[in-house]
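Here is a short briefing on one protein chain. Look at the helices, then the core, then the charged pairs.

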Amino acid sequence: MNIKKELLALQDVSYADFQAKLTPNIPRDLFIGVRVPLAKKLAKRIAEEPETSKFLRDLPHTYYDENMLHGLLISEIKDYDACIEAVCDFLPYVDNWAVCDSMSPKIFAKNKKALLEKIKQWSASEKTYTCRFGIKMLMSYFLDDDFKPEYLEIPLSVTGEDYYVNMMVAWFFATALAKQWDVTIQYIEDQRLDTWTYNKAIQKARESKRVTPKQKEYLKALKG
């Protein structure tokens with residue numbers, strides 16, 4: 001099995017054109033054009049193949065679609081320690097938001113105590129997509145039943161003007177408003193976020209179906 005050939009067999013040139021516009025920092029000629037649902041099916045099909053282990057070690061990749069598949073394959077790893085190792089090996093090569101956000105390892109849900117420590121490390125990184133990934137994992141796994149107010153301080157500790165990091169912080173707080181309103185709204189009322197992130201968090205929360213109409217009206221009044 002040749003994984004690059006598998007990706008080329010799924011090529012959709014019009015989709016490559018579309019995806020390139022969404023990730024303008026990646027040259028157009030590095031897009032094969034594999035639609036995400038097809039990439040996910042491929043990841044599930046080849047996850048246990050011998051060639052896949054070699055592919056995960058073979059960094060850096062050439063194509064955006066190879067990186068996307070890499071992130072999806074990491075999400076399929078069933079051993080927590082192996083998954084963490086694969087994530088840490090791959091993060092230095094992640095160079096766009098789409099590949100960063102493609103990683104959502106299912107095994108993380110069963111290892112939250114250890115995961116939280118890794119999230120703190122990732123979120124403190126000066127590398128854009130390592131930091132973004134850490135905040136995304138915090139949003140994905142720590143805003144539900146085992147939520148603690150102190151977790152809101154982790155994204156607040158992130159400083160800088162990187163668009164892709166600040167957008168994730170805004171997304172995090174919008175999701176926190178939907179899931180943990182009583183605690184999170186205090187952070188919004190106290191304007192703990194910088195102006196841009198504050199307004200973007202309110203915007204995204206008001207677009208959410210999980211935020212009530214009454215809450216949206218209140219947020220509208222708070223927007224700067």
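Which residues are exposed on the other side of α6? They are Asp81 and Glu85. Keep in mind that this model is predicted.

**Helix α6**

- Tyr80, Cys83, Ile84, Ala86, Val87 and Phe90 are the buried residues of α6.
- These residues lie on the same side of α6, because they cover an arc of only 165° around the axis.
- Asp81 and Glu85 sit on the other side of α6, where they are exposed.
- At the start of α6, a side-chain oxygen of aspartate 79 comes to within 3.3 Å of the backbone nitrogen of aspartate 81.

**Helix α9**

- Helix α9 runs over residues 128–141, which makes 14 residues.
- At 1.5 Å a residue, α9 should span 20 Å.
- In α9, 12 of the 14 residues are buried, so the helix is largely enclosed by the rest of the structure.
- Among the buried residues of α9 are Tyr129, Cys131, Phe133, Ile135, Met137 and Leu138. Arg132 and Lys136 are buried there too.
- The partners of these buried residues are α6 (80–90), α7 (97–102), α8 (112–123), α10 (153–156) and α11 (163–179).

**The nonpolar core**

- The largest nonpolar core has 76 residues.
- Leu69, Phe108, Trp122, Phe133, Phe173 and Leu219 have the most contacts inside this core.
- Helix α11 gives the most to the core, with 9 residues.
- What does phenylalanine 173 touch, not counting residues up to four places away in sequence? Its contacts are Leu152, Pro155, Leu156, Thr184, Tyr187, Leu193 and Ala201.

**Salt bridges**

- Side chains of opposite charge can pair when their charged atoms come close.
- The structure holds 10 salt bridges.
- One of them joins the side chains of glutamate 6 and arginine 45, at 2.8 Å from N to O. Glutamate 6 is in helix α1 (residues 3–8) and arginine 45 is in helix α3 (residues 36–46), so this pair links distant parts of the chain, 39 residues apart. Glutamate 6 is partly exposed, with a relative accessible area of 23%.
- Another joins the side chains of aspartate 12 and arginine 35, at 3.1 Å from N to O. Aspartate 12 is in the loop between α1 and α2 (13–22), while arginine 35 is in the loop between α2 and α3. The two are 23 residues apart. Arginine 35 is partly exposed, at 36% relative accessible area.

**The pair of glutamate 76 and lysine 44**

- Glutamate 76 forms a salt bridge with lysine 44, and their closest N and O atoms are 3.2 Å apart.
- Glutamate 76 lies in the loop between α5 and α6 and lysine 44 lies in helix α3, so the pair ties together parts that are 32 residues apart in sequence.
- Is glutamate 76 buried or exposed? At 17% relative accessibility, glutamate 76 counts as buried.
- Lysine 44 counts as exposed, at 51% relative accessibility.
- Lys44 and Glu76 are also linked with Lys106 in a network of salt bridges.

Notes
Residues numbered from 1 in each chain as written. Predicted model: local features only at pLDDT ≥ 70, side-chain atom pairs only at ≥ 80, totals over all residues. Heavy atoms only, no water. Helix = DSSP H or I, 4+ residues; strand = E, 2+ residues; numbered from the N terminus. Expected span 1.5 Å × (residues − 1). Buried < 20%, exposed > 50% of the residue type's maximum accessible area, 1.4 Å probe, protein only. Contact = heavy atoms within 4.5 Å. Arc of directions from axis to C-beta. Polar contact = N/O pair within 3.5 Å; in protein donor to acceptor, adjacent residues only side chain to side chain. Core = buried A, V, L, I, M, F, W, Y, C linked by side-chain atoms within 4.5 Å. Salt bridge = Lys/Arg side-chain N within 4 Å of Asp/Glu carboxyl O.
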